[in-house]
Amino acid sequence: MYKLDKRYLPGLDVLRFLLAVSILIVHFPHFLDPFSKLGIAQSAELPLNSFFWIIYSYGGFAVEIFWMVSGIIFYHFYMELIRDKLISFKQFIFLRFTRLYPLHFITLVLVAVLQFIYLRKFQVTFVYTNNDTLHFILNLLMINFWNAKFGLSFNGPFWSVSAEMFVYMIFFLLAFVQIFSKLRNTTFLVLVSFVFYSLGIFSPFYECLLYFFAGILMAQYLGKMKLKEIGFLFIVICIYLLIKFQFHLLPKNEYLIRALDCFCKLCISWFCVAAFAKGFSSIQGNMTKSLRQLGNMTYASYMVHFPIQLILVLTFYDRGLNFFNNIYFFFFFIVGTCLIGYFLFLFFEVPVQNILRKKFILKK
């Protein structure tokens, strides 16, 4: 079974960091939400819109690429352990739990308190509306997006982690029975997931499954991938986008359009992952550790950015729309959130993980 070369990991860490920043930019308009409800921000232009318009419009696609990177990383770190029965399902889930749950719990409680204060002050909630007891329990159990009808609630961005938790369990089961031991098996899973995505089957997990399995396939194939193949992906992407957005030559069949869009997004994802993995593969020494830190802080910055937005709006709402909707505040939010994410990783995530895992022994 092919094992991913470690020299590709620094590039994936850089990509993870940029994807996290992309999500921060996509969610920056949350600051305009209170003013939009009053009809004040309807025509407001977002900071650096002419430069970041594509991120404002399509940056949410970063979540799908994140799922693909997760598939690569899980294949690299867990595949052999699961295959050789060196880690049990209970141990695997415990490792995931100690990695994700502490920060999730803290941000969930924090958002619940802040939304209560916001509701008392403005008679509406900030951005996400499903903030009742049932949704709080669903969030506590990390199953808040295991049914799309549940809707987004509390720390809304956690929906993607909730969906991925389900996929983790599927991954362990398939790895345990050695489905991923052959390239053709992984390819078949990607194709099945592609059909699920195109037809909307197995909602809301079909998208996460597709990109996660595509990441595993990428991990098995990345070392063999040539520069010309990466270039071919880029050409395919350009041709498709030209047809879709310029000449409108695509047929009007809903499922065919979903399939073509999905194929293009997969090409974009593969191109990004391959370009960053290959482009940073020559980095060595201390630089790899620094880039690793960038990758590690992405979960914290992702989880904490919405509570930060709530705190800032509650604190500075009276200063008006112009206080939030400008370049200086834009960079303050992006840079400040990344720094807070970094310190949360160092001084909260790592210590809490170590405490929780103190009695956890990985059998050899």
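How far is the sulfur of Cys272 from the closest cysteine sulfur? The distance is 11 Å, to Cys264, which is too far for a bond. The model is a predicted one, in which local features need pLDDT of at least 70 and side-chain atom pairs count only at pLDDT 80 or more, while totals for chains, interfaces and linings use all residues. Residues are numbered from 1 along each chain as its sequence is written, and side-chain values use heavy atoms, without hydrogens and water.

A disulfide is a covalent bond between the sulfur atoms of two cysteines. Cys338 has 12% relative accessibility and counts as buried (under 20% relative accessible area, 1.4 Å probe, protein chains only; exposed is over 50%, partly exposed in between).

Helices are DSSP runs of H or I with at least four residues, numbered from the N terminus. H1 spans residues 9-26 and H12 residues 286-296. Their axes come within 7 Å and cross at roughly 35° (lines fitted to C-alpha atoms over the stretch in contact; angles run from 0 to 180 degrees between N-to-C directions). Contacts, meaning heavy atoms within 4.5 Å, involve Pro10, Asp13, Val14, Arg16 and Phe17 of H1. Their partners in H12 are Thr288, Leu291, Arg292, Leu294, Gly295 and Asn296.

Helix H9 covers residues 206-221. Of its 16 residues, 15 are buried, so H9 is largely enclosed by the rest of the structure.

Technical notes: Helices (H or I, at least four residues) and strands (E, at least two) are DSSP runs, numbered from the N terminus. The expected span of a helix is 1.5 Å times one less than its number of residues. A disulfide is a pair of cysteine sulfur atoms within 2.5 Å.
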